[in-house]
Amino acid sequence: QVQVVESGGGSVQAGGSLRLSCAASGSIFSINAMGWYRQGPGKQRELVASITSSGSTNYADSVKGRFTISRSNAKNTVFLQMNSLKPEDTAFYYCYAQIQPGTGLATYWGQGTQVTVSS
């Protein structure tokens, strides 16, 4: 069984920083891409950032230059450093991991963590 657990959300004023963490555990053979989606009030879920096992990254235009995604393959963990936060970054942030538990490949999701940015 595989679990994906986020941590690090919270409330911050505009211009502040937060760091999200997400750890995958359980029966894991390998992990391909990991990343973060978010869903703000009244908005569709959108991809924030992703990172492959080799370290290639992809960011939404709205967060480029402010957010940095990184990962520890040894610890099956992905991080999202969020700087210069804006009120429009307020959302529920979901971590995902493309995991091979044995045979096959499946996407596993965390339970989500709330990020609130006040002006």
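This text goes through the fold, the overall dimensions, the surface and one residue of a predicted model.

The secondary structure of the chain consists of eleven strands and zero helices. Read from the N terminus, the order of elements is therefore β-β-β-β-β-β-β-β-β-β-β. Among contacts with a separation of 6 or more, 55% join residues 24 or more positions apart.

As to dimensions, the C-alpha atoms fill a box of roughly 45 × 25 × 25 Å along the principal axes. The radius of gyration is 14 Å, which agrees with the value near 14 Å that a compact globule of 119 residues would have.

Burial and surface come next. Of the 119 residues in the chain, 41% are buried. The accessible surface is about 6,000 Å², and carbon and sulfur atoms account for 47% of that surface. The charged side chains number 9 positive and 5 negative, with the centres of the two sets 6 Å apart.

Ser 50 belongs to strand β5, which covers residues 46-51. Its relative accessibility is 13%, so Ser 50 counts as buried, the cut-off being under 20%.

Notes:
Residues are numbered from 1 along each chain as its sequence is written. This is a predicted model: local features need pLDDT of at least 70, side-chain atom pairs count only at pLDDT 80 or more; totals for chains, interfaces and linings use all residues. Side-chain values use heavy atoms; hydrogens and water are left out. Helices (H or I, at least four residues) and strands (E, at least two) are DSSP runs, numbered from the N terminus. The radius of gyration is taken over C-alpha atoms; the globule rule is 2.2 Å times the number of residues to the power 0.38. Buried means under 20% relative accessible area, exposed over 50%, partly exposed in between (1.4 Å probe, protein chains only). Contact means heavy atoms within 4.5 Å. Accessible areas come from the Shrake-Rupley method with a 1.4 Å probe; for residues, only the protein chains shown count as cover. Lys and Arg count as positive and Asp and Glu as negative; His and the chain ends are not counted. The place of a charge is taken as NZ of Lys, CZ of Arg, CG of Asp or CD of Glu.
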